[in-house]
Amino acid sequence: MPVSLFGSNLYLTGLERDMTQVRNLGIMAAQGGVKWSREELSWANIEAGGKGQFNWSPTDARLTHNTNNGIEVIGMLLTTPRWASINPGAPDWYWYEPANFNDYYDFVRAAVARWKHQVHTWEIWNEPNHSGTWNCVNNCDRAAHYAQLLAGAYAAVKSVDPEARVLIGGLYVHDYNNEGMSFLDQVVAASGGAINFDGLSIHTYMPDR
């Protein structure tokens, strides 16, 4: 049988949902034919207390409601803990890049090792072409910095699970100025032409139609 391409952003791993909502939404999604869910695996929540201080339990419990309902997971590895953020004093410190990318790579390896039997597709961040979800300081080259993060994360995933798929962080595409594809060009150029992902993830939001 062909693999179903029908999925949803269920966000069962979002801590804003209580567990009753998570359970009910997982069941209803499966009844509706959902076979994939794009879930946030939030570094900022999982390793909030400091380097190596992982709290896996809340995410473990939520992912169960995907797998128990036959829903495959695309795991987004995103958000920076305050202790690791390049800008910990900002209100949105979790959307800033890590001060030390190796801390993120360590988290990626730990997450893949923990969930590689449940999650086989990993997405490196979300909408990195938007400064509201991927940011740095001192007017840095955001595309070049993301290219570095992507390359290291790709290698980290493959080192733990060589058969896993890695997606570039979903790029939102706007017809007005081609910003998503322009950012992609910059990322590939900053990677020396390397393609450090197995699949291209795009958000085809078109404001003119």
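Colleague: Which residues of α5 are buried?
Modeller: The model is predicted. Buried means under 20% relative accessible area. By that cut-off, the buried set in α5 is Arg142, Ala143, Tyr146, Ala147, Leu149, Leu150, Gly152, Ala153, Tyr154, Ala156 and Val157.

Colleague: What covers the buried residues of α5?
Modeller: Both helices and strands take part. The cover includes the helices α4 (101-115) and α6 (179-190). It also includes the strands β4 (119-126) and β5 (165-172).

Colleague: How far does α5 reach from its first C-alpha to its last?
Modeller: Helix α5 covers residues 142-160, which gives it 19 residues. At 1.5 Å a residue, the computed reach is close to the expected span. From first C-alpha to last, α5 reaches 27 Å.

Colleague: How many bridges join β1 to β2?
Modeller: The two strands run parallel. Gly7 stands opposite Trp36 in β2. The chain gets from β1 to β2 through helix α1 (residues 19-31), in a right-handed β-α-β crossover. The bridges joining β1 to β2 number two.

Colleague: How many of the seven residues of β2 are buried?
Modeller: β2 is mostly covered. The buried residues of β2 number six.

Colleague: Which residue in β3 is the bridge partner of Glu40?
Modeller: β2 and β3 pair in the parallel sense. Seven bridges join them. In β3, the partner of Glu40 is Met76.

Colleague: How many residues apart are Lys51 and Asp103?
Modeller: Their side chains meet in a salt bridge, at 2.8 Å from N to O. Lys51 sits in the loop between α2 (43-46) and α3, while Asp103 is in helix α4, so cited as distant parts of the chain. The gap in the chain is 52 residues.

Colleague: Is Asp103 buried or exposed?
Modeller: Its relative accessible area is 14%. The cut-off for burial is under 20%. Lys51, its partner in the salt bridge, counts as partly exposed at 43%. Asp103 is therefore buried.

Colleague: What is the N to O distance between Asp106 and Lys51?
Modeller: These side chains also meet in a salt bridge. The pair links helix α4 to the loop between α2 and α3, 55 residues apart. Asp106 is partly exposed, at 32% relative accessibility. The N to O distance is 2.6 Å.

Colleague: Which helices hold Asp60 and Arg114?
Modeller: The two side chains form a salt bridge, 2.7 Å from N to O. The pair ties together parts that are 54 residues apart in sequence, because Asp60 lies in helix α3 and Arg114 in helix α4. Both residues are partly exposed, Asp60 at 21% and Arg114 at 41%. The helices are α3 and α4.

Colleague: Which residues do salt bridges with shared partners join into one network?
Modeller: The structure holds six salt bridges. Lys51 meets Asp103 in one and Asp106 in another. The network consists of Lys51, Asp103, Asp106 and Arg109.

Colleague: What distance separates the C-alpha atoms of Gly52 and Asn177?
Modeller: Gly52 is in the loop between α2 and α3. At 45% relative accessible area, Gly52 is partly exposed. Gly52 and Asn177 are 125 residues apart along the chain. Their C-alpha atoms are separated by 41 Å.

Terms used. Residues numbered from 1 in each chain as written. Predicted model: local features only at pLDDT ≥ 70, side-chain atom pairs only at ≥ 80, totals over all residues. Heavy atoms only, no water. Helix = DSSP H or I, 4+ residues; strand = E, 2+ residues; numbered from the N terminus. Expected span 1.5 Å × (residues − 1). Buried < 20%, exposed > 50% of the residue type's maximum accessible area, 1.4 Å probe, protein only. Contact = heavy atoms within 4.5 Å. Salt bridge = Lys/Arg side-chain N within 4 Å of Asp/Glu carboxyl O. Pairing = 2+ DSSP bridges. Right-handed = clockwise from strand over helix to strand, strands pointing away.
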